[in-house]
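Thanks for coming, everyone. Please look at the sequence and the structure as I put them up, and I will talk through a few places in turn.

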Amino acid sequence: LCVVFLLCLRYFFVGPTLLALLAAIATIVAMFGAPNAQAQQLNLLCNAAIDWCELMKNKFEAETGIKTNMTRRSSGESYAQVRAESANPKIDVWWAGTGDPHLQAAAEGLTEVYKSPTLPKLQPWANKVAEASGFRTVGIYLGALGFAYNNQTLASKKLAAPKCWADLADPKFKDEVQMPDPNSSGTAYTMLATLVQVMGEEKAFAYFKNLHKNVNQYTKSGIAPSQAVGRGETAVGISFMHDLMIAKVGGFPVTLVTPCEGTGYEIGSMSIIKGARNMVEAKKFYEFALRPDIQSLAPQAKSYQIPSHTEAKVPAEAIKPSDVKLIDYDQAKYGSSETRKRLLARWGSEVTSAPK
């Protein structure tokens with residue numbers, strides 16, 4: 001058809017007239033683009049707090065001009081989506097959220113191998129995750145697990161301030177504790193894996209059965225208990241310390257606790273989805289998210305994790321690892337598909353089904 005069209009033009013227009021017409025057509029194509037040209041875009045799956053997700057989206061769009069479609073989900077929901085869509089991925093980059101589901105996705109070949117040139121400038125724990133995954137994911141921040149209590153609520157109910165994980169299972173705290181569900185929340189899975197490592201598996205599940213009697217709600221996301229304890233909707237909220245810090249910085253009457261027995265931590269991670277439709281844009285975002293200036297923006301979105309780039313500014317509100325009794329959390333074992341599935345299956349059969 002194009003050949004016929006050009007022959008027609010040659011027949012009806014000659015000399016300068018034809019050249020002028022062709023120049024006009026070229027100008028129109030340049031102005032409006034070829035009809036099959038696809039605009040640059042990125043499909044981003046985000047597990048951080050919504051303000052941080054939006055900050056990253058807006059900053060990336062403004063800097064690159066790449067249209068970014070962002071969806072915010074919890075870590076467990078994100079893993080389920082990535083797995084369900086593996087034959088026809090709709091996501092390009094999975095950013096933030098606990099490292100365990102990222103490692104599980106890596107083990108199942110759901111994410112792309114990518115070695116960033118920024119790796120030598122990242123913290124050792126960020127590189128450890130990258131190496132454990134076969135370079136299918138990378139650490140972007142670190143945050144310790146803990147809980148907070150509402151000072152006013154405890155005072156009104158004459159409850160002693162809890163200092164340890166064991167205190168939360170005391171019958172005095174019946175219906176006073178809120179925590180996320182490990183089936184949907186990476187925060188809660190980190191708690192499950194932490195206490196299995198601290199107490200041993202049998203004692204940990206006995207503990208969770210007792211704690212179950214005190215839990216007023218299992219939330220879908222990890223940040224929800226930190227919001228609820230700030231508002232006084234629950235006496236105690238279990239979450240990551242950086243999420244609990246949001247309530248404290250916001251002026252709510254809360255006290256943050258790092259449990260006396262020791263606690264685990266998350267290494268928030270980032271992965272490119274295998275078979276991503278927008279691979280070039282995905283790698284651009286990957287490098288963008290590892291930059292120290294970008295990681296240093298987190299406090300603007302009330303996110304107080306420890307950044308993975310050694311040159312990024314650590315928020316003043318971030319916990320100091322030296323002040324917290326961190327366990328030697330086995331990221332490889334508890335991020336593996338086999339261990340994760342087994343622990344979650346046991347949780348469902350023994351904890352959530354246990355009597356109140």
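Y189, L192 and V196 in helix 9 meet T339, R340, L343, L344 and W347 in helix 16, where contact means heavy atoms within 4.5 Å, and helices (H or I, at least four residues) and strands (E, at least two) are DSSP runs numbered from the N terminus. This is a predicted model, in which local features need pLDDT of at least 70 and side-chain atom pairs count only at pLDDT 80 or more, while totals for chains, interfaces and linings use all residues. Residues are numbered from 1 along each chain as its sequence is written, and side-chain values use heavy atoms, with hydrogens and water left out.

The residues of this contact between helix 9 and helix 16 divide into 6 nonpolar, 1 polar and 1 charged, with Ala, Val, Leu, Ile, Met, Phe, Trp, Tyr, Cys and Pro counted as nonpolar, Asp, Glu, Lys and Arg as charged, and the others, Gly among them, as polar.

How do the axes of helix 9 and helix 16 cross? The axes of helix 9 (residues 186–199) and helix 16 (residues 337–350) come within 11 Å and cross at roughly 95 degrees, the axes being lines fitted to C-alpha atoms over the stretch in contact, with angles running from 0 to 180 degrees between N-to-C directions. Helix 9 is therefore roughly perpendicular to helix 16, a term that covers 65 to 115 degrees.

Turning to strand 7 (residues 236–240), V236 is found there, and V236 counts as buried because its relative accessibility is 0%, buried meaning under 20% relative accessible area with a 1.4 Å probe and protein chains only. V236 and V177 are 59 residues apart in sequence, yet 4.8 Å apart in space, C-alpha to C-alpha.

Methods: Angles under 35 degrees count as roughly parallel, over 145 as roughly antiparallel, 65 to 115 as roughly perpendicular and the rest as oblique. Buried means under 20% relative accessible area, exposed over 50%, partly exposed in between (1.4 Å probe, protein chains only).
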